[in-house]
Amino acid sequence: MKDLKYLIEFENLLENADNELVQQAQAEGKLAVGYTCYHMPEVLLNVPGCFSVRLRAPRTGSIDIATYYMSNYTCEYARSLLERAIEGGYQFLDAFAGVDACGAMNRCSEHFELLHVNTKPNFFVTHCDIPYKVVDYTVEHDVRQMRKRFLDVLTEKYGVDTSDAALLAAVEEHNEVCRILTEIGDFRRLDNPPLTGYEYHILNLVSYCCPKYLILPKLRETLEEIKTRVPDQKPWYRARVEIVGSEIDDPSLTKLVEEAGAFVVADRYCYGSTPGREPIELREGEDVLTQICRHYMEHSECARYISNEKIQQRRDTADRLAREYRADGIIYEQMKFCDFWAFERPLAGHILAEEYGWPVLSIDRPYNARSSGQLRTRFQAFVEALEIKRIQKKGGNAE
Amino acid sequence: MKYPDPKIYRMKDSIDWKLQKDNLKEFGGIAWQLLKETDWKAFGKKQLTNAMLTGRRLAEEAKTVRDMSPAERLDLLVNGEKRLGKLYRSGSMATVRREWRGVTDTAVDFWEWTKLWGMLLSSFSKDLVPAMGGVTWYRWMISYFCCHSFRDKNVMGLRGSALKMHSEMTYQIFRYVAENLVLLMKGDERGGNCKDLSKKVVLFDEMTMGQIMAGFPDLVGIPYQLLPVFLLSEIDQLACMPYIDAVESYGLPADTCPVPTSESGACVIDALPHLGACFISSSMPCDGSVMASSYTSRRFKDLPTYHLTFPVRYEDEETLQTGVLEIQNCIRFVEEQTGAKWNWDAYFTAMKRFNEETRFELQKWEVNQTNNPQLIGPTYELFRKWNYEMDGGLDPRVLESFKKVNRLMLKAYERREEPWPGKMRHRAIVWSVPAHYYANFSNWLANCWGINVLVEMEGLNFTRPLETEDHQGALEDMARLYERMVMRRHTNGGYDHVLTELWRQVEIWKPEIVIMYQHVSCKNMSTLSGMFEDQARERGVRLIWIEHDLMDPRTVSRKDMRGKVNEYMRTVMREEPLDPSLLEFDDEAAW
C-alpha cells in the first residue's frame, strides 16, 4: 500500500508531548490541559480557549528518579510521566486535570504538586473523585466533582467560559473527531483493509495528543485518502486480533503485534477508540454537563467499575467488538503493576475463552514494549495457534 | 437480650450425611496418602534429634541456673527469664516450651491460657458436629488450632498488668472468632446446612465495618473473608500460601497485595463456606480489594450482592451525601434480601456503646503519650482494629472488657509499671501497612531492642462520637465512619492523610523512631516512599524501613525483616541488643 500522506508527520507529533501543534495552539493563546484518564471527560478540556493533551512519555529511558519517589513495583506509566515531569517535559501545561481513580496515577499527579514540576503561576492540578458504579446519584456526584474541582477552577484561574454553550461547542468538535475516526476504524472490518492497525493507532493517538482544531483538517484529509487507498492484492496478515485491556499509548506495541502477523482489528483499551471515540449524543431538556458525565461513565470500560453490570459490560464489549470486526482471537493485556487490570485480566481472559469461546492470549507488559523479545515470541506463538485453529476448523486442510 | 442470641445456635441443622461420608472418604484418602508417603525413617530420626536437642537444652538450662548467683536465681524466680530467643527451635512450628515469667506472672499466664481453652471449648460445643466437620472440609480451619500460639507469641516478655490486659483483649477477639466460626460452619451448605440461619446471615467483604448490622439485631453479620483468610494469616503466616499459589497459577501477577490475592485464591479453590442471604461487597480499602470482589461474585453467582462504594476524596464534605445514599441503599438492600427491618433504637443503643468504647480508647492514647505508656504492643493494636471494624459496639460484653482493661491500665500507670520491664528504651510509632502479627514484630522490637511501639497508623482512625439521636445525622456519621475504615488512610483521599499526617502524629506521640513498614505490594503506600524519605530528612525524623509482604513470607522472610532493624540499630544508633538471643533465630516454620 502507498504510505499515508500524513503518517510520518503524525508519527513525529507523537515523539513529544509538546509537539508542534501544541506549541502552535499555545502561541495562538490557547491553554493546554493535560490529562491521563478516560474518567476525566476529554470534551470538558476542550471548551473554547483550551485544548486537551492526553499525556504520554514517549521515548522514555531511565525512570530512576521517579522510581525513587514511587518505588519500583508501581505502574511504569505513572512513573514515566513523573520522570518526564521532573525533567521539565510538562512545563508547557497550564493545568493537569487529574482524577482519583487509580492509586498510582493519583500519586503521580500528587507528585506534580509536591515536587512543583510546573512553575507557571496559574498552573493547577485537580483530583476529581470518581464513583465506582453508575447510578443516578453517582452521576450527580461526578457532575459536582467536575464542576467544582475542574470547570470552576478553570474559570477562576484563567477566566475560561465553561457555560453550556461552551460545552456544546466542545461536544460538536469532539463528535466530528469521533465520526472521522469511527469511519476510518470501520475499514478494519474488511478482509483486505486499506489501513493497518498500526496506522489506525497513530491516527487515534494524535487525536488525543493534539489540539482538535489543528488536527481535524488532517484527519478529514486522511479519511478521504483512505477511502480511495488501494490495498495490496492479498491481505498481509495471518490472523485478526482484538487488543483488550489497560492503557496503551505506545503504537510500537501494535506494530510488534502486526510484525508477528496479526492484524489489530479492534482496540478496547484506554487511549484506544473504545472507549473514547463514541460521539456524545445530547438531548434537549437536560443539563449538558450531566449528559457528558453520564456518557463517559456509561461508556467507560475501566476495570475500576465494581458493579456486576459494568463487569458484564466489559466482557460483552470485548466479545461484541471481536465479532463485529471478525477477530480470530483476543489479546488481553495489562500494564505491569496495575492492580485493576492485574485482577481483571486473568478472570476476564478465562471467561472470554471458556464462556465466549475466544482464543485468548493473556499478557502483562512493560510501558515500553517495543524491545521485548518475550512479547514478540508470545505474539508469534499466538498467531501460529490461531492459524492452527483455523486449519482444524476447516477439517485439517490449510486452504 | 443475650448476645449473641442463643436461639441462633439452637436452629436446626440439616446435615447432608451422604456428602459428609463422601468428603470423609476423600479426606481419609488424602490422610492415608500422606501417611504412605511419609518417610518414617526420617521422621523417626527427626524425633530422635529433637529429643537429643531437648535433653541438651534442659542440661544447659540447668547449668545456667546452677551458675547463677543467689540474687540472679531469685530474680529468675520472681521476674522470669530474659533470653527469649532460646524458646525457638529451627524448623519447629511451636516454641520449645512456654515462657517462664516468674511465679506470679506464670500463674497469671497459665490461668489466662486455661480460660481461653475453656472459652473455645464452650463456644464450639454450641454446635460441635458442623464445626468438627469443617476441619475436614477447609484446611484453614486447622490453622485455628494454633491460636494459643498466636496469643503466646504476642504476650512474650510481658509482665504484670500488661500481661493481664493483653490476655483479656485476646480473649475478646478469640471469642468473636470462635462464635463466628461455629456460625459459618453451621450455616455452610457443606456443613450444618442450617437454612434458617443462612437466611439470617449477611456476609461482608474484607474488612468492611460491621456497625451497619447494629440496626438489624435479628440478623447475623459475618465478615466473610476475615476468618478463612485475613485473621487466619495473622495467626499462621504460612496458611494463605495455597490461595496465593492457586490464583497466581490462574494468571494473577505476583506483584499484587497478598490480601485480595489470597481472597481471590480462596474463591478459585472454593475455600469459602457457602451460606448467607446476601453479600455486601466493597470498594474499600484499595484498588486490589475492589477487584477481588469480582472473584467473589464469580464464585457465588447466586448470592445477591450489594457493592458498597464510598467517595475516595472523603475529606471533602461535599462528597458526604453520596456516602449517605450508599448507606441508605445498602440498608434497603439488606431489608429486601432478608425481610428484616432497620431498627433505629437498636442501632443507637449499639452506637452509644461504641462511643463509650471510643472514649476508653482515647484514654489509652492519653496514657501512651506520656512517659509511662502502658497498653502497647501488637495485641492492643489488633484489639483496636477489631473493635473499630468488626465489633463496632454490637457486643455488650466488649464494653465490660474495655472497662476492665482501662481500670488495669490506670492502676499500672499510677504504679509506673513497665509492660516489658527493663526494656523500655525507645519510643516508636508504626506507620504504613503494619506487619506486627505475621512476624510478631512489635513484640520482638521490644524484647530485642527495647523499641516500644506506642501506636500504629491503622489504629488512629475516626474518634468523633457518632450521632445517636437524629436519623439524618446518624447516617452522615455512619458514612464518615465507613469512609475512615482501617487501611483507608493510606489508600484513599490523598497524601495528606498519610504523609503529612505522620509529621502531625510525630508531634503528638514524640517517638524517637518511626517503624516504616514497606509493604512491597502496596502501591498506594510505596508510591510515596521518596516523599517520606525527603520530608523525614528535612524534619530530622528517624525512619527504619522494613520491607515485608504481609502473609507471603516467601517474598520477605521474618528474619530479613528483623535484619533491617538489627542493621539500623547497630550501624546508625550504635547500640547493642537487650536480648542477644533474639538477634538471629530461625522461625521460618513457626506459627
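This is a predicted model: local features need pLDDT of at least 70, side-chain atom pairs count only at pLDDT 80 or more; totals for chains, interfaces and linings use all residues.

Visitor: Is strand β5 (residues 239-245) of chain A largely enclosed or open?
Guide: A residue is buried if 20 or more other C-beta atoms lie within 10 Å of its own. On one side of β5(A), A:A239, A:V241, A:I243 and A:G245 are buried, and on the other A:R240, A:E242 and A:V244 are buried. Because 7 of the 7 residues are buried, β5(A) is largely enclosed by the rest of the structure.

Visitor: Over how many bridges does β5(A) pair with strand β6 (residues 262-269) of chain A?
Guide: The pairing is in the parallel sense, and A:I243 stands opposite A:D267 in β6(A). From β5(A) the chain reaches β6(A) by way of helix α10 (residues 251-259) of chain A, in a right-handed β-α-β crossover. The number of bridges between β5(A) and β6(A) is 7.

Visitor: In strand β7 (residues 329-335) of chain A, which residue is the bridge partner of A:G245?
Guide: β5(A) also pairs with β7(A), in the parallel sense and over 5 bridges. Within this pairing, the bridge partner of A:G245 is A:E333.

Visitor: Which residues of α10(A) are buried?
Guide: The cover over the buried residues of α10(A) includes α8 (197-209), β5, β6, β7 and α14 (373-393) of chain A. α10(A) is followed by A:G261, with a positive phi near 105 degrees. The buried residues of α10(A) are A:P251, A:L253, A:T254, A:L256, A:V257 and A:E258.

Visitor: Which strands stand at the edges of the open sheet of 4 strands in chain A?
Guide: The order in this sheet is β2-β1-β3-β4 (chain A), with parallel pairing. Each edge strand has a single partner, so one side of each is left without a neighbour in the sheet. The edge strands are β2 (50-54) and β4 (124-129) of chain A.

Visitor: At about what angle to β4(A) does helix α5 (residues 103-114) of chain A run?
Guide: Strand β3 (residues 95-100) of chain A is joined to strand β1 (residues 31-35) of chain A by 3 bridges, and A:F96 in β3(A) is the bridge partner of A:G34. Helix α5(A) lies across β3 and β4 of chain A. The angle between α5(A) and β4(A) is about 150 degrees.

Visitor: Which element gives the largest share of the side of chain B that touches chain A?
Guide: The contact takes 43 residues from chain B and 41 residues from chain A. Elements giving two or more residues to the chain B side include α14 (287-299), α15 (320-338) and α24 (529-539) of chain B. That side divides into 15 nonpolar, 21 polar and 7 charged residues. The largest share, 10 residues, comes from α14(B).

Visitor: How many Å apart in space are B:I429 and B:V455, C-alpha to C-alpha?
Guide: B:I429 lies in strand β5 (residues 426-431) of chain B and is buried, with 24 other C-beta atoms within 10 Å. Beyond its neighbours within four places in sequence, B:I429 is in contact with residues including B:V455, B:W509 and B:V514. Although B:I429 and B:V455 are 26 residues apart in sequence, their C-alpha separation is 5.3 Å.

Conventions
Residues are numbered from 1 along each chain as its sequence is written. Chains are lettered from A and ligands numbered from 1 in the order in which they are written. Two residues are in contact if their C-beta atoms, placed from the backbone, lie within 7 Å. Ala, Val, Leu, Ile, Met, Phe, Trp, Tyr, Cys and Pro count as nonpolar, Asp, Glu, Lys and Arg as charged, and the others, Gly among them, as polar. A residue is buried if 20 or more other C-beta atoms lie within 10 Å of its own, exposed if 12 or fewer, and partly exposed in between; C-beta atoms are placed from the backbone. Two strands pair if DSSP finds at least two bridges between them. A crossover is right-handed if, with the strands pointing away from the viewer, the path from the first strand over the helix to the second runs clockwise. Axes are lines fitted to C-alpha atoms, for helices over the stretch in contact, and angles run from 0 to 180 degrees between N-to-C directions.
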